[in-house]
Amino acid sequence: MPIFTRFASPMGDILIEADERQGLIRLVVAADAEPDPVDAHRDDAALAEARKQVEGYLAGRRRSFSLSLAPGGSDFQRDVWSALLRIPYGETRTYGELANRLGHEGAARAVSAAALANPVPLLIPCHRVVAADGLGSYSGGQALKDSLLSMEYSAMVESPPHSR
């Protein structure tokens, strides 16, 4: 049976859902209006580590996650999500660059759609992939995407990776 937790953050409520055996299956940022999952039970203790890591990231103390993820998705989506995990903290890539790296030249829109379908944003950093001419889409909206990118950039300027 799936489990979930919900907690307040500087970005609004965060909702995390997991399959107890496989890992985290969903994360919703700014989930204030998002109802609790009907097919899951709340288990704050079981998801305490996920909460701790997300809070650390949002506070600028964490640059990556060490959590078990089980986001589902098609093979293509999982390939895109895997590539998103390789974009370093504080950096961005365009949808076109990512498509080319995956061997799908000209598939920028498909990469954008896969990034938008990411069920565990933050954990799989889809906010780090942008359009060639701007921010591009984001499941939490462009303001949240801009805020996350600004937070990462500020953390990089204040404390570069080699000084940590």
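Begin by selecting residues 7–70, the range that UniProt lists, in an unreviewed entry, for "domain: Methylguanine DNA methyltransferase ribonuclease-like"; UniProt positions are given in the numbering used here, feature names are shortened, and annotations may be inferred rather than shown by experiment. What you see is a predicted model, in which local features need pLDDT of at least 70 and side-chain atom pairs count only at pLDDT 80 or more, while totals for chains, interfaces and linings use all residues. Residues are numbered from 1 along each chain as its sequence is written, and side-chain values use heavy atoms, with hydrogens and water left out.

Next, select T5, which sits in strand β1 (residues 2–7); helices (H or I, at least four residues) and strands (E, at least two) are DSSP runs, numbered from the N terminus. T5 has a relative accessible area of 1% and is therefore buried, where buried means under 20% relative accessible area, exposed over 50%, and partly exposed in between (1.4 Å probe, protein chains only). Show D44 as well, and you will find a polar contact of 2.6 Å between the side chains of T5 and D44; a polar contact is a pair of N or O atoms within 3.5 Å, and within protein one must be able to donate a hydrogen and the other to accept it, while residues adjacent in sequence count only if both atoms are side-chain atoms.

R6 and D36 form a salt bridge whose closest N and O atoms are 2.8 Å apart; the term means a side-chain nitrogen of Lys or Arg within 4 Å of a carboxyl oxygen of Asp or Glu. R6, at 13% relative accessibility, counts as buried, whereas D36, at 38%, counts as partly exposed.

Now go to helix α1, where R51 and E55 are 4 residues apart, which means about one helical turn separates them. Their salt bridge has its closest N and O atoms 2.9 Å apart.

Finally, colour domain 1 (3–59) and domain 2 (75–158) separately, bearing in mind that domain bounds come from an automatic or database domain assignment. The C-alpha centres of domain 1 and domain 2 lie 21 Å apart. Select M11, L27 and Y57, which supply 58% of the area that domain 1 buries against domain 2, more than any other three residues; buried area is the accessible area (1.4 Å probe) that two parts lose on being put together, summed over both.
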